[in-house]
Amino acid sequence: MKRDNTVKSVIKALNIFKLLVEEGKPISLSSISKKADINISTVYRLLNTLVKLGYVRQNEKELYCLGLHSYEIADLINQNFNIWGLVRPYLKEIVDKCNETSSFAVLEANKIVYIDQIESENMVKVSTSLKTQNPAYCTGSGKILLAYLNNKMLERYIEDTDFIKYTDSTIIDPLSLQKELNKIKKQGYATELEEKEKGVHSVAAPIFGMNNKPFGAISISGPSSRITHKYLTEKLIPLIISNAKQISAELQTV
């Protein structure tokens, strides 16, 4: 009889990890136990280990989701596929053409996470700390990625999100947000006009992978004093859409 050399606890931990990836949102201990078909005490022990290692995190509601170490691994995997190497020259090209900060972000556990960025050379500029989580509903990159969620996933997002009014322009009403997202999907880009922070404007466009679903977004951000409505319309929106389409086209051939 063939000997089984597998370690069952590793298999269970990876199954839990895979479940969190597929779920795409914070989930309770009991739900993980039920969906993974693993005893709840075993799930709790394995999750504690993954939390200590930084691959899983527990939010303020005691729900579990992917931690930042998971995205560091994703960074390395994507680097091996040259996705980061593919995107970065476009970020540089954007900055060269408009001298405003350009970023690459993904949606992680209902938050937007900026994973690469090239800053403007202007003395007054906008920059974001990489790997930190930001609200999706009031950022350009977040809104463009929310716009492409299916109805079920968007409903989950709205249910799980505590909407905070950061400025007078922040959209916190779910119906108003859905209307905004419908408009964004039709036009193919999202703007953020002082919705997260006063004095900051941004525009973002989606990057589509081989499954024709957006896996990230690129954006341009800067002070509202420079990024006027006219500048957005005439220069930055065409620039971000053009570069997002070029990245998406290259990814189809990777």
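1. Start with the packing of helix α8. Its buried residues pack against α6 (140–146), α7 (151–160) and β6 (190–193). Keep in mind that this is a predicted model.

2. Which residues of α8 are buried? They are Leu177, Glu180, Leu181 and Ile184. These residues cover an arc of only 100 degrees around the axis, so they sit on the same side of α8. An α-helix has 3.6 residues a turn, so residues three or four places apart point the same way. On the other side of α8, Leu175, Lys179, Asn182 and Lys186 are exposed.

3. Just after α8 comes Gly188, with a positive phi of about 85 degrees.

4. Now the largest nonpolar core. It has 29 residues. Val87, Phe104, Val203, Ile218, Ile220 and Ile247 have the most contacts inside it. At least two residues of this core come from each of α5 (83–98), β3 (101–108), β4 (111–118), β7 (200–208), β8 (214–223) and α9 (229–251). The element that gives the most is α5, with 9 residues. As a general rule, nonpolar side chains tend to be buried together in soluble globular proteins.

5. What does Phe104 touch? Leaving out residues up to four places away in sequence, its contacts include Trp84, Val87, Leu91, Val113, Ile207, Phe215 and Ile218. Asp116 and Gly216 are also among them.

6. Look at the cysteines. The structure holds 0 disulfides. Cys138 is in none, and the nearest cysteine sulfur, that of Cys65, is 18 Å away. A disulfide needs the two sulfur atoms within 2.5 Å. Cys138 is buried, with a relative accessible area of 0%. Cys98 is buried too, at 7%.

7. Two residues other than glycine have a positive phi worth checking. Phi of Asp37 is near 60 degrees. Asp37 lies in the loop between α2 (29–36) and α3 (40–53). Phi of Glu194 is also near 60 degrees, and Glu194 lies in the loop between β6 and β7. Are these residues buried or exposed? Asp37 is exposed, with a relative accessible area of 70%. Glu194 is partly exposed, at 23%.

Conventions. Residues are numbered from 1 along each chain as its sequence is written. This is a predicted model: local features need pLDDT of at least 70, side-chain atom pairs count only at pLDDT 80 or more; totals for chains, interfaces and linings use all residues. Side-chain values use heavy atoms; hydrogens and water are left out. Buried means under 20% relative accessible area, exposed over 50%, partly exposed in between (1.4 Å probe, protein chains only). Helices (H or I, at least four residues) and strands (E, at least two) are DSSP runs, numbered from the N terminus. The arc is that of the directions from the helix axis to the C-beta atoms. Contact means heavy atoms within 4.5 Å. A nonpolar core is a set of buried Ala, Val, Leu, Ile, Met, Phe, Trp, Tyr and Cys residues joined through side-chain atoms within 4.5 Å.
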